[in-house]
Amino acid sequence: MRRDRAEPHDRPNSIVHDSIVHAVVVVPAHDEVERIGLTLDSIERAAAHREVRVSVSAIVVLDTCEDATDEVVRSHVEVGGPVEWHVVPATVRRASSARQAGLDELVGTMRRSVAPSRTAVLSTDADTVVPHDWIVRHVQALDSGLDGVAGIVDLTPDAGSDLGLDAWRSEYESSFRVDGTHAHVHAANLCVRLDVLLAAGGFGHLRRAEDIDLWRRLTSIESVRLCSDQSIVVRTSDRPDGRVEGGFATALARFRSTSGLMESTRSATPHVETERLVSE
């Protein structure tokens with residue numbers, strides 16, 4: 001991963017670089033009964049990875065669910081395991097506000113004894129499966145001196161999917177750089193140190209593209225070290241009927257209809273140049 005050359009003394013006094021001791025995964029969910037079980041299973045596997053050296057919590061925000069999503073989630077809570085589960089009900093009806101509700105839960109009631117500078121906040125989606133080393137990789141990145149990491153997504157075709165997966169990957173990977181970085185930001189695969197996330201104002205309340213907005217706000221904080229990493233990959237659904245109007249599923253739907261991701265989706269999921277964040 002490429003990163004900037006800012007020295008420790010260049011960092012703001014309010015941001016302290018400490019080793020991570022606690023990781024919190026925030027998952028917003030709205031009517032995801034068919035997919036969220038796989039998401040939670042994957043988070044549990046990632047938390048049980050033999051190289052995980054931190055405690056792991058997960059906050060699932062049930063946003064105006066009208067199906068049995070809550071039953072699936074609560075079954076994981078009852079079983080226990082390597083993850084300390086927290087369930088937050090919400091009626092905010094948007095992913096950004098649901099993530100913010102999870103962050104508010106973290107700040108308000110959880111882990112008060114753990115310093116924000118030693119807490120990693122990982123974000124994913126309720127239709128996404130994370131790899132077994134997902135938590136390990138993100139925590140290691142923060143422990144190496146970074147304050148935030150943006151991974152990438154790959155797609156898991158739904159039954160009967162008509163998406164041209166090879167064509168989509170070709171266009172998506174056109175922003176990959178030879179040094180291993182890329183120009184995408186997805187809330188489905190994002191990690192930020194808690195003190196830095198709070199300094200940036202949290203997840204916010206935008207109706208769409210809250211991940212892009214957050215990344216841009218993070219860049220405005222002097223000496224914050226961010227990096228994109230194309231080797232940290234999560235798998236997300238390729239469904240065209242997403243939960244956010246104008247979000248990733250909308251972009252995929254437009255790709256289906258036009259067979260041209262770059263022209264059809266920039267307005268929905270714009271690429272974000274990270275040269276300033278990880279400049280040589």
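This is a short tour of the structure, stop by stop, for you to follow in your viewer.

**Before you start.** The model is predicted, so local features need pLDDT of at least 70 and side-chain atom pairs count only at pLDDT 80 or more, while totals for chains, interfaces and linings use all residues. Residues are numbered from 1 along each chain as its sequence is written, and side-chain values use heavy atoms, with hydrogens and water left out.

**Stop 1: the whole protein.** Show everything as a cartoon. You will find nine helices and eight strands; these are DSSP runs numbered from the N terminus, helices being H or I with at least four residues and strands E with at least two. Of the 280 residues, 55% are buried, meaning under 20% relative accessible area with a 1.4 Å probe and protein chains only (exposed is over 50%, partly exposed in between).

**Stop 2: the sheet.** Select the strands. They form an open sheet of mixed pairing, in the order E3-E2-E1-E4-E7-E6-E8-E5; two strands pair if DSSP finds at least two bridges between them. Look at the edges: E3 (84-90) and E5 (128-129) each have a single partner strand, so one side of each has no neighbour in the sheet. Next, pick E1 (residues 22-29) and E2 (residues 55-63), which pair in the parallel sense over eight bridges. Within this pair, Ala23 has Val56 in E2 as its bridge partner.

**Stop 3: Ser123.** Now select Ser123, in strand E4 (residues 119-123). Is Ser123 buried or exposed? Its relative accessibility is 1%, so Ser123 counts as buried. Show its side chain, which reaches the backbone oxygen of Ala187 at 2.6 Å. This is a polar contact: a pair of N or O atoms within 3.5 Å, where within protein one must be able to donate a hydrogen and the other to accept it, and residues adjacent in sequence count only if both atoms are side-chain atoms. Cys191 is 68 residues away in sequence, yet 6.3 Å from Ser123, C-alpha to C-alpha.

**Stop 4: Trp134 and the cores.** Trp134 is in contact (heavy atoms within 4.5 Å) with residues including Val25, Ser123 and Ile232. Trp134 is also among the residues touching the most other members of the largest nonpolar core, which has 43 residues. Such a core is a set of buried Ala, Val, Leu, Ile, Met, Phe, Trp, Tyr and Cys residues joined through side-chain atoms within 4.5 Å. Helix H4 (residues 134-143) gives the most to this core, with six residues. To finish, select Ile59, Ala101, Leu190 and Val192, which are included in a second, separate core of 27 residues.

Note on methods
Lists of a residue's contacts leave out its neighbours within four places in sequence.
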